[in-house]
Amino acid sequence: MIIGLFNDWVVVVLMMIGLYIVIAHGNLIKKIVGLAIFQTSVFILYISMANVEGGSAPILAEGIKQFSNPLPHVLILTAIVVGVATTALGLALVVRIKEAYGSIEEEDIQHLDNKTQDETEIQATEGDQS
Amino acid sequence: MISHLPILQVIVPLMAAPICLLLKRSQLVWLFSLFASAIAFIISVLLLQQVMTSGVISYELGGWEAPWGIEYRIDKLNAFLLLIISAISTVVLIAAQTSIEKEIPKEKHTLFYILYLLSLTGMLGIVSTGDAFNVFVFLEISSLSAYALIALGQDRRALWASYQYLIMGTIGATFILIGIGLMYQMTGTLNMQDLSQRLPEVAQTRTVFTAFAFVIVGVCLKLALFPLHLWLPNAYAYAPSIVTAFFAATATKVAIYLLIRFTFTVFGLSFSFTTLPLQGLFLLLGLTGIFVASSAAIYQNNVKHVFAYSSIAQVGYIIVGLSTSTITGLTATLLHLFNHALMKSAIFLALGAVVYRLGNVQLSSFNGLGRQMPLTMAAIVIGGLSLIGVPLTVGFVSKWYLLTALLEKGWWPVAILILLGSLLAVIYVWRIVEAAYFKKPLADSVPVKEAPLFFLIPIWLLITANIYFGIDTRLSLQVASAAAQSLFGVSP
């Protein structure tokens, strides 16, 4: 039972590791890495569902009667491209955040944002009184 | 040519995007994007006409037959959504050049239009396609360009907002991908019509329940249903004004379309609302969303934040309409999709005009603005009245249908809560009215002039639509109720 569902277990474990990193880590780059692991687990989910017992790779050749379902492979090719684009965009954003804030720790950024928020509000109330 | 309209709807903005790169001159790129968006609008009008007279259009991509190839399927619901998206996009683009001159550095103007067109492509694609995996691809096209567009904002907080949206959005999209994968595993098909026929056979399996949960949570992340709304307020507040006006009117609407499509068409009404407790869940989350978001809106000092929270509350009304799972309720939902797009794009464009003149949208800067920018402020007031649901505006029409649907069901306590929620809207709109008309300008503020013409034209176009469709509801109501009836399988 457990061995038969080996791929599914790997998928679930990877998925949870990925999600945990995204939620628990404050470092923006680690979050992106977690997101990539999370997406990869879904790729494995698709690829393992394409497998047909005793089937070969989906290539047309003599003597091959049974082969894996090629459609999920194609779908995941698209999803991988999307995943790479997301990771690239995320990392580019982190570079810009580092330039603007001088930090890539979530805590620091939130602290700096709260400070700007307070300043604008103080200005606003002073403006109201004058 | 006419038979290729469903694909042209998506291809025109997609092809226009790289051409922008060749044009280089900012003004030229603007005119070209406006042209492309206007063509998309004309196509959507033609599609709607065709669907209303002769029924569902099915287009086979590359000539491959439906369950194997990708099918573009335009029914009344799709055509209605296509019309809303392309119309708002075109009107908002009129003001784009004037607005981004102030808000975005010159060398990034071309990039802005490319991203805008790609985002438009993604949204139109999600709505036109009849293939579940294709939905995911278009969703990511529109989302990736949305993250980049939001990051173009002036304030550095735009970067942080964009990053948070990227994390949440990607998790949402990946959830949808998991859901689609599990459905494929059970049925061996990705075509939505085919799925809807094959899913009932395997409906009582745990895999299908899981697939349903993943898809619904993923879509709800995208549509910012309370409590999955946390990415929205900052993303809307710090993005460039044009981007906010476009997204506030269309992005969440596309997600709501997906929700309707998956619950009604793919999984089927009885499975979504009766077998699984979606009805109670939607009602509860919708109502909580209305109250939490409206109360939060009252305490905001940044006016873009006020209306961003109000958007979350409006999503709440839409979801409550959906939770009734009756034809009237669904009609109210679809009407509110259309009407909310009109109100929010008008309001956010007017706020864009305020940013153009003042450089910020803090509530204190609005003091005395009613005299200095009378036309812009009048637009915000009319838009606000429409949000509250005052008669003669579109907001009234959709609230009226929502209340009718609730009373039909006998849910009168919910109806009372909806009315109370509208009172909260009165408070946050009043704060802006008070500042603009009853407070004196700050001592050190410089008097400003009325917004430029390129802002006033689209703003008042939308405001006129707000009033016109509030009085003459024939077009919007006819299409919305026809779409609702066809989703319930009743022939109109």
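In chain B, helix α17 (residues 394-409) and helix α18 (residues 412-438) pack at an angle of about 160°, their axes lying 8 Å apart. Helices here are DSSP runs of H or I with at least four residues, numbered from the N terminus. Axes are lines fitted to C-alpha atoms over the stretch in contact, and angles between N-to-C directions run from 0 to 180 degrees. The model is predicted; local features require pLDDT of at least 70 and side-chain atom pairs count only at pLDDT 80 or more, whereas totals for chains, interfaces and linings use all residues. Residues are numbered from 1 along each chain as its sequence is written, and chains are lettered from A and ligands numbered from 1 in the order in which they are written.

α17(B) and α18(B) are therefore roughly antiparallel to each other, a class assigned to angles over 145 degrees, with under 35 counted as roughly parallel, 65 to 115 as roughly perpendicular and the rest as oblique. The crossing of α17(B) past α18(B) is right-handed; a crossing has this hand if the near helix is turned clockwise from the far one by less than a right angle, and is left-handed if anticlockwise. From α17(B), Lys399(B), Leu402(B), Leu403(B), Leu406(B) and Leu407(B) meet Trp412(B), Val414(B), Ala415(B), Ile418(B) and Ser422(B) of α18(B), contact being defined by C-beta atoms, placed from the backbone, within 7 Å. This contact comprises eight nonpolar residues, one polar and one charged, where Ala, Val, Leu, Ile, Met, Phe, Trp, Tyr, Cys and Pro count as nonpolar, Asp, Glu, Lys and Arg as charged, and the others, Gly among them, as polar.

Among the residues making the contact are Leu334(B) and Phe338(B) of α14(B) and Ala480(B) and Ala484(B) of α20(B). By class, 10 residues of this contact are nonpolar, four are polar and none is charged.

The contact between the chains takes 31 residues from chain A and 27 residues from chain B. On the side of chain B that touches chain A, α5 (132-151) and α6 (157-187) each supply at least two residues. The largest share of that side, 13 residues, comes from α6(B). By class, the side of chain B that touches chain A has 16 nonpolar, eight polar and three charged residues.

α6(B) itself has 31 residues and reaches 45 Å between its first and last C-alpha, close to the 45 Å expected at 1.5 Å a residue, the expected span being 1.5 Å times one less than the number of residues. Of its 31 residues, 26 are buried, so α6(B) is largely enclosed by the rest of the structure; buried denotes 20 or more other C-beta atoms within 10 Å of the residue's own, exposed 12 or fewer, and partly exposed the range in between.

Buried residues of α3(A) include Pro72(A), Gly83(A), Gly90(A) and Ile97(A). Just after α3(A), Gly102(A) adopts a positive phi of about 80°.

Key:
Two residues are in contact if their C-beta atoms, placed from the backbone, lie within 7 Å.
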